[in-house]
Amino acid sequence: MRFSHISLGVLALALATPAFADPTPAGPADPAAPVPAEPAPAAVADDTAPPPAITVSGGATLVSDYRFRGISQTNLQPAIQGSITVTHASGFYATVWSSSTSGYVTFSGTGSQEIDLIAGYKKTTGGFTLDAGVLYYLYPRSRPAGDRSSANFFEPYADVAYTIGPVTAKVTVNYAPSQKALALDQGQSGLLKKNDNVYLAGDLSASIPNTPLGLSAHLGHTWGPSWLSLGNEYTDWGLGATATWKNLTLGVSYVDTSGVFLLANGKNAARSGVVVSLGASF
């Protein structure tokens, strides 16, 4: 499982499903046919038709380093990521998101993929947007035979955002209840207690009017002790910028943390770094 991670800015552009009219050409006039008392009214195009009840969006992204809450999940190497989201007009949605990872994000040191299953509800009223749901983190093939550890866990989340013009401020809280996968050894020994985990974050983003550019700032803190908090607690922060062209987005961000997580090669996976991404949405 990941030793921490960021909510990826996996890029999504909702597919608007166009409604096509089905005009049937009228046949030639038949002089022997009875004349109706009132001709049928001509169909009038409705430019105010409601949007489809269900929309589908998704995307694929290549990143120079997959950071989860500031800590590399890919040995400071590139990752490929993808997502698909189904949204209902009521505000309910379901998302499947996936990324390549390195083995050290699980106790057993095996597995090379993370899959996030997400179900939530999102509602906007005035300038406020409420988003809440549950994340389930899944790590396929992460345990060899005989391994007692557990990598998969679930994490409810909620955030409130407020938008004024091109600027949006958001506060997010994620709380993972006590689970085997959050024990400091992920339950391998059976001796260490299950732990819970809290992550609180604030984000500020803004688009630059009349340009394809956007700016963002992030500050988050993880409380432990748990597998996700490096055994104690730490803070992560970052600054970023994006440029969008059609359905492509190029991003660059500076990421840093107050934590230390040493890899087998002696590098610190929690060190500061610049992350570059290129994403395509559909």
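This is a predicted model: local features need pLDDT of at least 70, side-chain atom pairs count only at pLDDT 80 or more; totals for chains, interfaces and linings use all residues.
Residues are numbered from 1 along each chain as its sequence is written, and side-chain values use heavy atoms, with hydrogens and water left out. Local features need pLDDT of at least 70 and side-chain atom pairs count only at pLDDT 80 or more, while totals for chains, interfaces and linings use all residues.

Reader: In which order do the 12 strands close into a barrel?

Author: Strands are DSSP runs (E, at least two residues), numbered from the N terminus. Two strands pair if DSSP finds at least two bridges between them. The pairing is antiparallel, and the order is β1-β4-β5-β6-β7-β8-β9-β10-β11-β12-β13-β14.

Reader: Over how many bridges do β6 and β7 pair?

Author: β6 and β7 form a hairpin with 2 residues between them, and glycine 126 in the turn has a positive phi of about 60°. In β7, isoleucine 118 has leucine 135 as its bridge partner. The antiparallel pairing of β6 and β7 runs over 11 bridges.

Reader: Which residue in β8 is the bridge partner of leucine 135?

Author: β7 and β8 pair in the antiparallel sense over 10 bridges. Within β8, the partner of leucine 135 is glutamate 155.

Reader: How many residues apart are phenylalanine 128 and tyrosine 162?

Author: Phenylalanine 128 belongs to strand β7 (residues 128-138) and tyrosine 162 to strand β8 (residues 153-164). The pair thus links distant parts of the chain, and the separation is 34 residues.

Reader: Is threonine 172 buried or exposed?

Author: Buried means under 20% relative accessible area, exposed over 50%, and partly exposed in between (1.4 Å probe, protein chains only). Threonine 172 lies in strand β9 (residues 167-179). Because its relative accessibility is 12%, threonine 172 counts as buried.

Reader: Which residues does threonine 172 touch, not counting residues up to four places away in sequence?

Author: Contact means heavy atoms within 4.5 Å. With that exclusion, threonine 172 touches Ala158, Asp159, Tyr199, Leu200 and Ala201.

Reader: Which arginine lies over the face of tyrosine 199?

Author: A charge sits over a ring if NZ of Lys or CZ of Arg is within 6 Å of the ring centre and within 35 degrees of the ring normal. At 4.3 Å from the ring centre of tyrosine 199, the residue is arginine 69.

Notes. Helices (H or I, at least four residues) and strands (E, at least two) are DSSP runs, numbered from the N terminus.
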